Amino acid sequence: MELGIIGLGKMGAFMTERLVRGGHRVAGFDRDAAAVARVREKGAVGADSAEKLIAQLAAPRAIWLMVPAGAPVDQTIDLLVPHLAPGDTIIDGGNSYYKDSVRRAAALAQKNIHFIDCGTSGGVWGLTEGYSLMIGGDAAAVERLAPIFQTLAPGPDKGWGRVGPAGAGHFVKMVHNGIEYGIMQAYAEGLDLLGHKKEFALDLLQISKIWQCGSVIRSWLLDLTVDALGKNPTLEGVGAYVTDSGEGRWTVIEGVDLGVALPVISGALEARFRSQDPQPFANKLLAMMRHEFGGHAVKPAAKE
């Protein structure tokens, strides 16, 4: 089966390689010519423009976008539409906001172009392990492209599925990432507590490895934690700054809108916010309030 892929960063390149290995013909385009050259080496067909990529695909065409969420997705769709025909399909495999996907699907439907939103999880491990694919869109359009999803997934009958209409795929992926925030935070807090029990001299790497086998908290994220601690047991040189990519915020906002309590995910998101502020004003103000009402000492700020 044929597929065009736009956005050949690390994940897009790995997806291209997995599809080529699976016997599919893949044409790839990226603004970075070096990225196009790399996928050519893996057996894909390269293109130096979106228009030329479309020209290399037989109708009905399918084009998978792996570009940053937000304006870049709209800009890419605007670039593609004049060269597409009724019956063609655009797949957004990035982490777009689900309401944007609903809007894009409705606009493209007016031109008889299918839009599929595919929440994609697996990261850099997807090349070897396969990707988890949460798919939203017209059932017939999804069914036509099933061979693509089956190849990208861990197996033909596992790790992928149509979860609902347009927008549903990215909604499920949003919640998936919110859950990810909570699990990661729990591991981080638990191991931090173990590390602070100095009189036991606990070995965090040893304990994490014990948990990998038979424990009810074993998981792939724990396996990755073991890998990280094995490379750098004290995390020397790692800054205590954790970014949030957007999905956690969207998940918490959705919880507020629907009146669904999300204390774990909300707390994990707030922990990331706090890590991003090296001098939290709230903490300084707390120190000054204690000083004002009780005369408690205020610790001077550390010199930069």
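In which loop is Leu235 found? Leu235 lies in the loop between helix H11 (220-231) and helix H12 (247-258), where helices (H or I, at least four residues) and strands (E, at least two) are DSSP runs numbered from the N terminus. The structure is a predicted model, in which local features need pLDDT of at least 70 and side-chain atom pairs count only at pLDDT 80 or more, while totals for chains, interfaces and linings use all residues. Residues are numbered from 1 along each chain as its sequence is written, and side-chain values use heavy atoms, with hydrogens and water left out.

Leu235 has a positive phi, near 55°, and is a residue other than glycine. With a relative accessible area of 41%, Leu235 is partly exposed; buried means under 20% relative accessible area, exposed over 50%, and partly exposed in between (1.4 Å probe, protein chains only). Ala201, not a glycine either, has a positive phi of about 50°. The loop that holds Ala201 runs between helix H9 (168-196) and helix H10 (204-211). Ala201 counts as exposed because its relative accessibility is 64%.

A cis peptide bond joins Ala59 to Pro60, with omega near -10°. Pro60 is placed in the loop between helix H3 (50-55) and strand S4 (62-65).

Helix H14 comprises 14 residues (281-294) and should span 20 Å at 1.5 Å a residue, the expected span being 1.5 Å times one less than the number of residues. The end C-alpha atoms of H14 are 20 Å apart, which agrees. Gly295, which follows H14, has a positive phi near 70°.

Pockets were located on a 1 Å grid over the protein atoms alone, a pocket being an open set of points where a 1.4 Å probe fits, with protein on both sides within 12 Å along at least five of seven lines; lining residues have an atom within 4 Å of a point. The second largest pocket has a volume of about 370 Å³, taken as the space filled by probe spheres set on the points, which are joined across faces, edges and corners. This pocket is lined by 15 residues, of which Ile6, Arg31, Val67, Pro72 and Thr76 are the closest to its centre. Helix H4 (residues 71-80) gives the most to the lining, with four residues. By class, the lining has nine nonpolar, four polar and two charged residues; Ala, Val, Leu, Ile, Met, Phe, Trp, Tyr, Cys and Pro count as nonpolar, Asp, Glu, Lys and Arg as charged, and the others, Gly among them, as polar.

The structure holds zero disulfides, a disulfide being a pair of cysteine sulfur atoms within 2.5 Å. Cys118 is buried, at 0% relative accessible area, whereas Cys213 is exposed, at 65%.
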